[in-house]
Amino acid sequence: MTELLIIKPSSLGDIVHGLQVATSLKAQCDDLKISWIVREMFAPLVRVCTAVDRVFVFERAGGAKAFLKLMTQVRKTKYDYVFDLQGLLRTGLMTSRTLAKHKVGRTDAREMAGLFYDQKVPLPPEGRRSHALDILLQFCPVLGAKPVLKGKLQFREAESLNLKFVDGRGGAKPILMFPDSRRAEKRWGGFKQFTEILLREDRTRKVVWAGNNYLPDRNAFPPAQFLNLTGNTSLVSLPALIKRADWVITNDSGPMHLAAALDVRTFGIFGPTDPQLFGPYPLNGPTNFVVQAPVGDLKLLPAKDVYARFQKARARFQK
């Protein structure tokens, strides 16, 4: 049995990428047990991932006392490998406090985190211009695995989870939108207008808004065609909700990466961030599409232009 500890406390998109790496390692390595250190707000998703065997919760606001308590729990196990996928000072300190034969981190680690590793994985051939997931996949060869995605990302879902209420007429799969994003400059303001266009186009289809933070819709849409789940979307139900959708339309955000990882048709709306580095993976995959705002400014991206690009994406599945 090989004991591996992955340190990746945040954020949601980065954690999804880390879970894809964990899934690939489990698919390629025999007798591998994976533990994970994650922030409390993201722990529910990591706990239900089938690739992860044990979860340690990092309480970021808990101060030194919570940190020492966490590391006391972690140090009860002697690991063969520790992978610091985050590469920041706090995760470097976590790495230093673990009991492990091999402490492995990123070549591009910041805040002097590299001081705590005895091995650093190289960047991909494209260097810093590589996709975020390709950078994390470079940890795979440490365990003798190939730096590629293998296996299928899966989550344990509650048997009682019934999501039929999100379907449209006749059980039509909904269009799922995530209008929010952690950073304001990545948040497109045209979701309301885009929703109006889609609902006029097809009255049998239902559009569902989802996300962690509540966004008011001001009762602007017919209840039979629209459902607002923003502020009421749990991480545990997120994979099942995404898999039920026909399309997931989102800003550059964690749900976008999760949709792409689950092979659901994904349409990402980008502003200042580069889709080549942070887009749905793989960017040119058969179910992944993006539109980017002129000069990276989402205020310059009207809903009609997004709809036109979305129409082109849908046409690929109608041939």
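The model is predicted, so to speak of a local feature takes a pLDDT of at least 70 and side-chain atom pairs count only at pLDDT 80 or more, while totals for chains, interfaces and linings use all residues. Numbering starts from 1 along each chain as its sequence is written, and side-chain values use heavy atoms, with hydrogens and water left out.

**The whole chain**

The protein chain holds 10 helices and 12 strands; these are DSSP runs, H or I of at least four residues for helices and E of at least two for strands, numbered from the N terminus. The C-alpha trace spans about 60 × 45 × 40 Å along its principal axes. For 319 residues, a compact globule would have a radius of gyration near 20 Å, and the protein chain agrees, with 20 Å. That radius is taken over C-alpha atoms, and the globule rule is 2.2 Å times the number of residues to the power 0.38.

Of the 319 residues, 56% count as buried. Here buried means under 20% relative accessible area, exposed means over 50%, and partly exposed is in between (1.4 Å probe, protein chains only). The accessible surface comes to about 15,000 Å², 50% of it belonging to carbon and sulfur atoms; the areas come from the Shrake-Rupley method with a 1.4 Å probe, and for residues only the protein chains shown count as cover. Among contacts (heavy atoms within 4.5 Å) with a separation of 6 or more, 55% link residues 24 or more positions apart.

On the charge side, there are 48 positive and 29 negative side chains, and the centres of the two sets lie 2 Å apart. Lys and Arg count as positive, Asp and Glu as negative, with His and the chain ends not counted. Each charge is placed at NZ of Lys, CZ of Arg, CG of Asp or CD of Glu.

H1 is mostly covered, with 13 of its 17 residues buried. Serine 24 is found in H1, and it is buried with a relative accessible area of 0%. Beyond its neighbours within four places in sequence, serine 24 touches Val148, Leu149 and Lys150.

Helix H8 (residues 254–261) has 8 of its 8 residues buried. One of them, alanine 260, has 5% relative accessibility. Leaving aside neighbours within four places in sequence, alanine 260 is in contact with Thr266, Pro280, Tyr281 and Asn288. Alanine 260 and valine 16 are 244 residues apart in sequence, yet 9.9 Å apart in space, C-alpha to C-alpha.

Most residues other than glycine have a negative phi, and most peptide bonds are trans. Here are some spots that go the other way:

| Site | Feature | Angle |
|---|---|---|
| Serine 10 and serine 11 | cis peptide bond | omega about -10° |
| Tyrosine 281 and proline 282 | cis peptide bond | omega about -10° |
| Aspartate 31 | positive phi | near 55° |
| Methionine 112 | positive phi | near 65° |
| Aspartate 263 | positive phi | near 60° |

Serine 11 sits in the loop between strand S1 (2–7) and H1, and proline 282 in the loop between helix H9 (275–278) and strand S12 (288–292). Aspartate 31 lies in the loop between H1 and strand S2 (32–39) and is partly exposed at 48% relative accessibility. Methionine 112 is in the loop between strands S5 (99–106) and S6 (119–121), and counts as exposed at 63%.
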